[in-house]
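Please walk me through the features of this model, one at a time.

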Amino acid sequence: MSNEWTKKTFTLNTGAKIPAVGLGTWQSKPNEVREAVKAALLAGYRHIDTALAYGNEAEVGLGIKDSGVPREEIWITTKLDNPWHKRVEEGITSSLKDLQTDYVDLYLMHWPSSTDPDDLKKHYPDWNFVDTWRELQKLPASGRVKNIGVSNFAIKNLEILLKDESCKTVPAVNQVELHPNNPSPKLIDYCKEKGIHCTAYSCLGSTNSPLAHDEALKKIAESKGKSTAQVLLMWGLQRGTSVIPKSVTASRIEGNFQLDGWSLTDDEMKTLSSRPDRFKVCGDAWLPVKVFFGDDE
Ligand SMILES: NC(=O)c1ccc[n+]([C@@H]2O[C@H](COP(=O)([O-])OP(=O)(O)OC[C@H]3O[C@@H](n4cnc5c(N)ncnc54)[C@H](OP(=O)(O)O)[C@@H]3O)[C@@H](O)[C@H]2O)c1
């Protein structure tokens with residue numbers, strides 16, 4: 001296994017290569033995220049994860065410009081927001097404009113929820129994620145989107161999507177919540193079998209992470225002279241998932257990228273994969289439709 005993780009990429013089912021480590025930007029305020037993106041790119045990151053729903057694409061675009069790193073060296077992922085499922089063209093046009101770029105490397109359906117923009121508590125009666133995917137499949141031909149994928153798709157919804165006759169493109173990526181308290185081994189195995197790469201979001205356990213108090217994690221980190229965040233990222237990488245830690249703190253952005261030249265042992269991996277507690281940062285109670293079914297492990 002290569003241990004130059006900051007240079008490593010995962011090859012998608014399209015042949016494209018997604019950098020293993022990226023910067024997350026959810027909850028990064030507009031006035032903070034421009035600096036964070038610039039700092040990350042200067043520290044060597046080449047993968048930035050954003051979304052229309054984060055309301056910060058314009059600042060992310062400015063941070064990219066500020067860094068001076070050429071566009072073609074950077075992998076940009078953004079996402080179609082739920083109330084835009086019937087407006088895929090408008091959604092991508094808005095994202096590209098705000099990001100000040102001609103293309104994104106990866107465009108994800110953010111959630112399998114086609115929410116009525118006039119009433120966010122309602123799901124469209126005549127449209128669902130299969131219809132949205134049909135529209136997303138048209139985008140790569142234009143060159144404005146290099147790869148398409150999904151996010152927050154459980155096995156049940158992936159089955160529905162892949163079995164539909166309108167599904168001609170297997171999603172390149174499923175971006176899902178993955179950390180030791182939500183390891184989802186069945187979902188990862190299912191995606192692997194179907195040729196879908198998984199990106200781990202909330203890979204540190206997100207804001208005020210309960211994982212910060214995990215004694216087994218702390219013990220492993222101390223014994224290796226690493227931070228708990230670095231150990232969590234290494235756990236994600238060694239499972240074959242890309243990781244997109246979010247930070248707006250320069251020292252953490254740098255520390256989260258110090259992942260070369262060391263690794264976790266099989267025993268350490270096993271310990272982290274068998275934490276007794278479970279929690280999910282992003283549930284589905286806020287959506288008009290259930291998207292998680294407890295079938296991921
Ligand atoms: N597809 C989806 O539905 C979805 C959902 C959630 C997230 N995501 C993506 O995944 C990214 C990551 O997930 P996330 O933002 O939920 O959480 P995360 O990356 O797991 O954790 C972020 C939190 O950890 C802190 N942190 C970062 N590095 C640290 C370090 N070295 N030591 C201590 N604390 C540290 C950050 O604080 P500071 O920023 O204050 O430094 C922030 O509070 C998001 O930003 C977003 O891009 C996608």
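Reading the fold and its core

Q: How many helices and strands does the chain have?
A: Helices (H or I, at least four residues) and strands (E, at least two) are DSSP runs, numbered from the N terminus. The chain has 10 helices and 10 strands. This is a predicted model, where local features need pLDDT of at least 70, side-chain atom pairs count only at pLDDT 80 or more, and totals for chains, interfaces and linings use all residues. Residues are numbered from 1 along each chain as its sequence is written.

Q: What radius of gyration does the chain have?
A: The radius of gyration is taken over C-alpha atoms, and the globule rule is 2.2 Å times the number of residues to the power 0.38. For 297 residues a compact globule would have a value near 19 Å, and the chain agrees with 18 Å. Its C-alpha trace spans about 55 × 45 × 35 Å along the principal axes.

Q: Which residues have the most contacts inside the largest nonpolar core?
A: In soluble globular proteins, nonpolar side chains tend to be buried together. A nonpolar core is a set of buried Ala, Val, Leu, Ile, Met, Phe, Trp, Tyr and Cys residues joined through C-beta atoms within 7 Å; buried means 20 or more other C-beta atoms within 10 Å of a residue's own, with C-beta atoms placed from the backbone. The largest core here has 73 residues, with Val37, Tyr107 and Cys203 having the most contacts inside it. Helix H8 (residues 228-238) gives the most to this core, seven residues.

Q: What share of the chain is buried?
A: Buried residues make up 46% of the 297 residues.

Terms used. Buried ≥ 20, exposed ≤ 12 C-beta atoms within 10 Å, placed from the backbone.
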